[in-house]
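Biologist: Before we discuss any details, could you show me the model and then take me through how its features are read?

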Amino acid sequence: YTEALQDGAECVKLKPDWPKGYTRKGLAEFFLNKYDAAAETYKAGLKLAPDDATLKEGLQKAMDAKYEVPGSGAGAGGGGGMGSPFGNFDASALASAAAKNPKIAGYMQDKDLM
């Protein structure tokens, strides 16, 4: 995926107004486990195409992988695609991952919200 990242970066450099270039770069970053970089790339692409489903899904997968939501990392989903965002949903695993996020953990302690 290193070469794919180079190709994606070149796409963005040569045609920064083409959302698909951001998709390519973000996907390569994702599979290189560079989840923060992938999220930033997807966000940049979404500024150009706010309704692009592939960019939205990529951002969600990158954020899930960053916060270690089970089944969300680069090896998840089988067939090489991005997979279903709701496949194998496990609420307890999601709650556990959310508790590790410092921004969310405070809300989880609030009895009125939970």
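**Reading the fold**

Modeller: Among contacts (heavy atoms within 4.5 Å) in the chain between residues at least 6 apart in sequence, 45% join residues at least 24 apart. This is a predicted model, in which local features need pLDDT of at least 70 and side-chain atom pairs count only at pLDDT 80 or more, while totals for chains, interfaces and linings use all residues. Residues are numbered from 1 along each chain as its sequence is written, and side-chain values use heavy atoms, with hydrogens and water left out.

Biologist: How many helices and strands are there in the chain?

Modeller: Helices (H or I, at least four residues) and strands (E, at least two) are DSSP runs, numbered from the N terminus. Here the chain has six helices and zero strands, which gives the pattern α-α-α-α-α-α when read along the sequence.

Biologist: What percentage of the residues in the chain is buried?

Modeller: Buried means under 20% relative accessible area, exposed over 50%, and partly exposed in between, with a 1.4 Å probe and protein chains only. Of the 114 residues in the chain, 33% are buried.

Biologist: Which residues touch the most other members of the largest nonpolar core?

Modeller: A nonpolar core is a set of buried Ala, Val, Leu, Ile, Met, Phe, Trp, Tyr and Cys residues joined through side-chain atoms within 4.5 Å. In the largest one, which has 14 residues, those touching the most other members are Phe30, Ala38, Tyr42, Leu55, Leu59 and Ala62. Helix H2 (19-31), helix H3 (35-48) and helix H4 (53-66) are the elements that give two or more residues to this core, and H3 supplies the largest share, five residues. Leaving aside neighbours within four places in sequence, Ala62 is in contact with Phe30, Tyr35, Ala38 and Ala39.

Biologist: Is Thr23 buried or exposed, and which residues is Thr23 in contact with beyond its neighbours within four places in sequence?

Modeller: Thr23, found in helix H2, counts as buried because its relative accessible area is 15%. With those sequence neighbours set aside, Thr23 is in contact with Tyr42, Thr54 and Leu55.

Biologist: How many salt bridges does the structure hold?

Modeller: A salt bridge is a side-chain nitrogen of Lys or Arg within 4 Å of a carboxyl oxygen of Asp or Glu, and the structure holds four. One of them joins the side chains of Glu29 and Lys25 at 3.4 Å, N to O; because these residues are four apart in helix H2, they are separated by about one helical turn. Glu29 is buried, at 5% relative accessibility. Another joins Lys43 and Glu40, also at 3.4 Å, N to O, and these two lie three residues apart in helix H3, about one turn of the helix. Both partners are partly exposed, Lys43 at 37% and Glu40 at 48%.

Biologist: How many aromatic pairs does a search of the whole structure find?

Modeller: A pair of aromatic rings is described by the distance of the centres and the angle of the planes. Rings of Phe, Tyr and Trp (its six-membered ring) pair if their centres lie within 6.5 Å, and planes under 30 degrees apart count as stacked, over 60 as edge-to-face and the rest as tilted. The search finds three aromatic pairs. The rings of Tyr1 and Phe31 have centres 4.9 Å apart and planes at 15 degrees, so this pair is stacked. Since Tyr1 lies in the segment before helix H1 (2-14) and Phe31 in helix H2, the pair ties together parts that are 30 residues apart in sequence. Tyr1 is exposed, at 56%, whereas Phe31 is buried, at 16%. Tyr1, Phe30, Phe31 and Tyr35 form one aromatic cluster.
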